[in-house]
Amino acid sequence: GILKNAIRMKRLIDDTNALQNRLAELTDLERVLIGKSDQIISVRDQIFDFALSRAHVIILGETGTGKDTVARALHDIGGKPTAPFIPVNCATIPPERFEETVYGTLEGTGGLMAAADGGTLFLDELDSMPAETQAKFLRAIETKTYQRVGDAEMRSVDLRVISAASPQIEQQVADGTFREDLMFRLNTLVIELPNL
């Protein structure tokens with residue numbers, strides 16, 4: 001009994017700490033979204049509305065407008081406190097390493113998809129996702145399954161994708177450098193952040 005109680009207490013303390021960290025992060029959100037302008041109020045309302053949905057969200061805004069903070073808030077407000085939030089900066093992963101980073105490998109590196117299972121995969125700088133991996137990523141989102149590099153077996157995953165991109169991504173879709181069908185999958189809900 002004592003051990004079970006100790007474990008339960010530890011869980012409660014961990015959850016409390018997680019919640020306190022969350023609240024600290026939510027005050028960051030207030031800093032990003034302070035203001036009485038209609039745009040800011042509308043963004044705040046969208047965050048609260050969209051947080052409770054499991055639909056994919058894309059956040060459009062210029063650099064420095066707080067897209068990562070908004071993504072974190074969507075996850076925090078809507079998710080279980082213990083659900084994973086896995087940020088991926090598409091611009092920092094070399095194209096040839098993208099698949100092993102996101103899907104993992106048979107030899108055992110767990111990918112970001114597996115890490116985000118049950119929670120949120122946050123794709124920052126979505127407009128930098130290599131063209132050659134967009135089709136595979138689209139398939140993974142549509143089927144909720146993916147293959148680790150070198151693995152024949154399909155693994156299932158349940159996650160919400162929140163993406164962030166600059167407004168120029170719409171031009172990339174028009175130019176054909178970013179897949180329209182992937183964009184269509186990811187922009188079920190759209191939040192446009194006002195420029196600072």
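**Salt bridges, helices and cores**

Analyst: To begin with the charged side chains, a network of salt bridges links Arg 148, Asp 151 and Arg 155. The model is a predicted one, and the count of salt bridges comes to eight.

User: What makes the pair Glu 99 and Lys 136 a salt bridge?

Analyst: The criterion asks for a side-chain nitrogen of Lys or Arg within 4 Å of a carboxyl oxygen of Asp or Glu. For Glu 99 and Lys 136 the closest N and O atoms are 2.9 Å apart, so the pair falls within the 4 Å limit. This bridge links distant parts of the chain, with Glu 99 in helix α4 and Lys 136 in helix α6, 37 residues apart.

User: Why are Glu 99 and Lys 136 called partly exposed?

Analyst: Buried means under 20% relative accessible area and exposed means over 50%, with partly exposed in between. Glu 99 has a relative accessibility of 23%, and therefore counts as partly exposed. Lys 136, at 28%, counts as partly exposed by the same rule.

User: How do you know that Glu 142 and Arg 185 form a salt bridge, and where do the two residues lie?

Analyst: The closest N and O atoms of Glu 142 and Arg 185 are 3.3 Å apart, and the limit is 4 Å, so the label applies. Glu 142 belongs to helix α6 and Arg 185 to helix α8, and the pair links distant parts of the chain, 43 residues apart. Glu 142 has a relative accessible area of 43%, which makes this residue partly exposed. Arg 185 is partly exposed as well, with 34%.

User: How do you know that the length of α2 agrees with that of a helix?

Analyst: Helix α2 covers residues 38-51, which is 14 residues. The expected span is 1.5 Å times one less than the number of residues, which gives 20 Å for α2; the end C-alpha atoms are 20 Å apart, so the two agree.

User: Which residues of α2 are buried, and what places them on the same side?

Analyst: Ile 40, Val 43, Ile 47, Phe 50 and Ala 51 are the buried residues in α2. They cover an arc of only 100 degrees around the axis, and therefore lie on the same side of α2. On the other side of α2, Asp 38 and Asp 49 are exposed.

User: Why are the buried residues of α6 said to line one face?

Analyst: In α6, the buried residues are Thr 133, Gln 134, Phe 137, Leu 138, Ala 140 and Ile 141. Seen down the axis of α6, they fall within an arc of 165 degrees, so they line one face of the helix. Their packing partners include α4 (98-103), α5 (112-116) and β3 (120-124).

User: What makes a group of residues a nonpolar core, and which residues have the most contacts inside the largest one?

Analyst: The members must be buried nonpolar residues joined through side-chain atoms within 4.5 Å. The largest such core has 30 residues, and Met 113, Leu 123, Leu 126, Met 129 and Phe 137 have the most contacts inside it. Helix α6 (residues 131-143) contributes the largest share of this core, four residues. Phe 137 touches, among others, Val 102, Tyr 103 and Leu 182. In soluble globular proteins, nonpolar side chains tend to be buried together.

User: What is noted about the phi of Lys 144, and why is this residue called partly exposed?

Analyst: Phi of Lys 144 is near 55 degrees, a positive value in a residue other than glycine. Lys 144 is placed in the loop between α6 and β4. Its relative accessible area is 45%, so Lys 144 is partly exposed.

Note on methods
Residues numbered from 1 in each chain as written. Predicted model: local features only at pLDDT ≥ 70, side-chain atom pairs only at ≥ 80, totals over all residues. Heavy atoms only, no water. Buried < 20%, exposed > 50% of the residue type's maximum accessible area, 1.4 Å probe, protein only. Arc of directions from axis to C-beta. Contact = heavy atoms within 4.5 Å. Lists of a residue's contacts leave out its neighbours within four places in sequence.
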